[in-house]
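Here is a short briefing on one protein chain. Have a look at the sequence and the model, then read on.

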Amino acid sequence: MPDTDLANPVSSGPNSAEARDVRYHLHGYTDARRHAEIGPMVIERGEGIYVYDNSGNRFIEAMSGLWSVAVGFNEPRLVDAAANQMRKLPYYHTFTHKSHGPVIDLAEKLISIAPGGMSKAFFTNSGSEANDTAIKLVWYRSNALGKPEKKKLISRQRAYHGVTLASASLTGLPNNHRSFDLPIAGVFHTGCPHFYKDGLPGETEEQFATRRAEELDALIQAEGPDTIAAFWAEPLMGAGGVVVPPATYWEKIQAVLAKYDILLVADEVITGFGRTGNMFGCETYGIKPDIILLSKQISSSYLPLSALLANDRVLDPIIEETGRIGTLGHGFTAGGHPVAAAVGLENIAIIEERDLVGNARKAGAHLQAGLRALADHPLVGEVRGVGLIAAIELVTDKAARVALEKSGQLGALANVQLHGNGVICRVIGDAVAFCPPLIITEEQIDDLLARVKAALDAVAAEVL
């Protein structure tokens, strides 16, 4: 088993990878002061669901990197797809009527498998860029329709939609706003659909869903229906804590949006390509979006790739406006990169050929059952999830649904123990999230579950 502490840059030597990382590298989502004290965990190689650090320790990568490595960490077909395309056409763009084979093939493939009658694909390089592009196109569309006042956007508390200025504004997590002067004007947040945390005493799931829909309706009315352009949402919330929507939630939310002719943008950056047991999370929850945003598992993150898919309701006015102006003044140098597109195509082919969506259902049911078997553990308040994405909400008082005095402290203790038991996961406050590669087997899930239970037992012995 690996050591419970991350490598210390001082003890590792002044010219070690750890020390040089501290000296030269500013990390995202990291306490830079703390990083200077403990240094990085340096990952050297991957194999299936496992990664290995530079001391040779093996870890179950139970988060697929960042919710994203569907086919595992050493898939040779993706390596070959990248190398072959690199030799043929290592780069080209899609500006000013230019195109290339891989991006055409990928656009066609995505439209053919996407739900909701999508019409065209626009390619970007990250989920943040896809979300930012969607914001710009929604605004562009409103202007094209002669409705310049219809620009406000509604997202949800605890949502995650990216980190660029506009997409981070849609994100409903305080640490993505603090000291960044965010959110920008015109972005509003309605309530999070987490029944366990936000349901009222005696309230049923359906009553909670009704209340959330009524709150959305009230917000729209308060701001003015003619000023609201779009509602942004993940089918299932990921970085907000793996929040599964309660029964009837999506049916009621969509009824409100239809009532006021508001676009629905489905952020499938985490849920797309099989994670929930269907190819798309929209299929799992009966969502009929106008725009779908994709990234992460589109290429298993072997190369940066993301996409925006939109239907004709969105695109028709936009296309007309580009004719009036003479161009669509938006795009990225590497958007639709031929090597990334080739890898994305091969990645989707692997998902389909190996029925990894089916494995997400079958192995996912095994994971969900195994985690729910921990419900009686003294630290487990709630187990939630679907397919191969799940979370355990940690508490020290089940009746009060509270953890330790400082939010996130219990989760941090669990993270140390999980790391010591050879598991990389994601701690979100006091929730421990799991999102293993879609290739994981039931036997590997049993191994993961045993390690999780051992970690929870160790934490319980420490705090209870």
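This is a predicted model: local features need pLDDT of at least 70, side-chain atom pairs count only at pLDDT 80 or more; totals for chains, interfaces and linings use all residues.

The chain has 16 helices and 15 strands. Of its 464 residues, 53% count as buried. A search of the whole structure turns up one cavity of 30 Å³ or more.

**The chain as a whole**

- The radius of gyration is 22 Å; a compact globule of 464 residues would have a value near 23 Å, so the two agree.
- Along the principal axes, the C-alpha atoms fill a box of roughly 65 × 60 × 45 Å.
- The accessible surface comes to about 19,800 Å². Carbon and sulfur atoms hold 53% of that surface.
- Take the contacts in the chain with a separation of 6 or more: 70% of them are between residues 24 or more positions apart.

**The largest cavity**

- The largest cavity holds about 30 Å³ of space.
- Its lining consists of Ile-392, Ala-414, Leu-418, Val-432, Phe-434, Val-452, Ala-455 and Leu-456.
- By class, the lining has eight nonpolar residues, no polar ones and no charged ones.
- Three elements each supply at least two lining residues: helix H15 (409-420), strand S15 (431-434) and helix H16 (442-463).
- H16 gives the most, with three residues.

**The second largest pocket**

- About 1,000 Å³ of space lies in the second largest pocket.
- This pocket is lined by 28 residues. Closest to its centre are Thr-94, Ala-121, Phe-122, Leu-328 and His-330.
- The lining of this pocket divides into 15 nonpolar, eleven polar and two charged residues.
- Helix H5 (101-113), strand S4 (120-124), strand S10 (306-310) and helix H12 (312-325) each supply at least two residues of this lining.

**Glu-321, in helix H12**

- Helix H12 is also the place of Glu-321.
- Glu-321 has a relative accessibility of 11%; the cut-off for buried is under 20%, so Glu-321 counts as buried.
- Leaving out residues up to four places away in sequence, Glu-321 touches Tyr-140 and Ala-144.

- Ile-389 sits in strand S12 (residues 389-394).
- Ile-389 is buried, with a relative accessible area of 0%.
- Neighbours within four places in sequence aside, Ile-389 is in contact with Trp-67, Leu-236, Val-242, Ile-270, Arg-275, Gln-368, Arg-384 and Phe-434. Phe-434 is also one of the residues that line the largest cavity.
- Ile-389 and Glu-149 are 240 residues apart in sequence, and their C-alpha atoms are 39 Å apart in space.
- Ile-428 belongs to strand S14 (residues 426-428).
- Ile-428 has 18% relative accessibility; buried means under 20%, so Ile-428 counts as buried.
- How far apart in space are Ile-428 and Gly-241, C-alpha to C-alpha? They are 5.8 Å apart, although 187 residues separate them in sequence.
- Not counting residues up to four places away in sequence, Ile-428 touches Trp-67, Gly-238, Ala-239, Gly-240, Gly-241 and Ala-433. Trp-67 is a contact of Ile-389 and of Ile-428.

**Backbone features in loops**

- Most residues other than glycine have a negative phi, and most peptide bonds are trans. The next points give exceptions.
- A cis peptide bond joins Leu-182 and Pro-183, with omega about 5°.
- Pro-183 is in the loop between helix H7 (165-170) and strand S6 (187-190).
- Asp-181 lies in the loop between H7 and S6 as well. Asp-181 is not a glycine, yet its phi is positive, about 60°.
- Is Asp-181 buried or exposed? Its relative accessibility is 72%; exposed means over 50%, so Asp-181 counts as exposed.
- Phe-273 also has a positive phi, near 70°, and is a residue other than glycine.
- The place of Phe-273 is the loop between strand S8 (263-267) and helix H11 (281-285).
- Phe-273 has 0% relative accessibility and counts as buried. Both Asp-181 and Phe-273 are in loops, but Asp-181 is exposed whereas Phe-273 is buried.

How values were computed
Residues are numbered from 1 along each chain as its sequence is written. Side-chain values use heavy atoms; hydrogens and water are left out. On a 1 Å grid over the protein atoms alone, a cavity is a set of points where a 1.4 Å probe fits but cannot get out, and a pocket is an open set with protein on both sides within 12 Å along at least five of seven lines; lining residues have an atom within 4 Å of a point. Grid points are joined across faces, edges and corners, and a volume is the space filled by probe spheres set on the points. Helices (H or I, at least four residues) and strands (E, at least two) are DSSP runs, numbered from the N terminus. Ala, Val, Leu, Ile, Met, Phe, Trp, Tyr, Cys and Pro count as nonpolar, Asp, Glu, Lys and Arg as charged, and the others, Gly among them, as polar. The radius of gyration is taken over C-alpha atoms; the globule rule is 2.2 Å times the number of residues to the power 0.38. Buried means under 20% relative accessible area, exposed over 50%, partly exposed in between (1.4 Å probe, protein chains only). Contact means heavy atoms within 4.5 Å. Accessible areas come from the Shrake-Rupley method with a 1.4 Å probe; for residues, only the protein chains shown count as cover.
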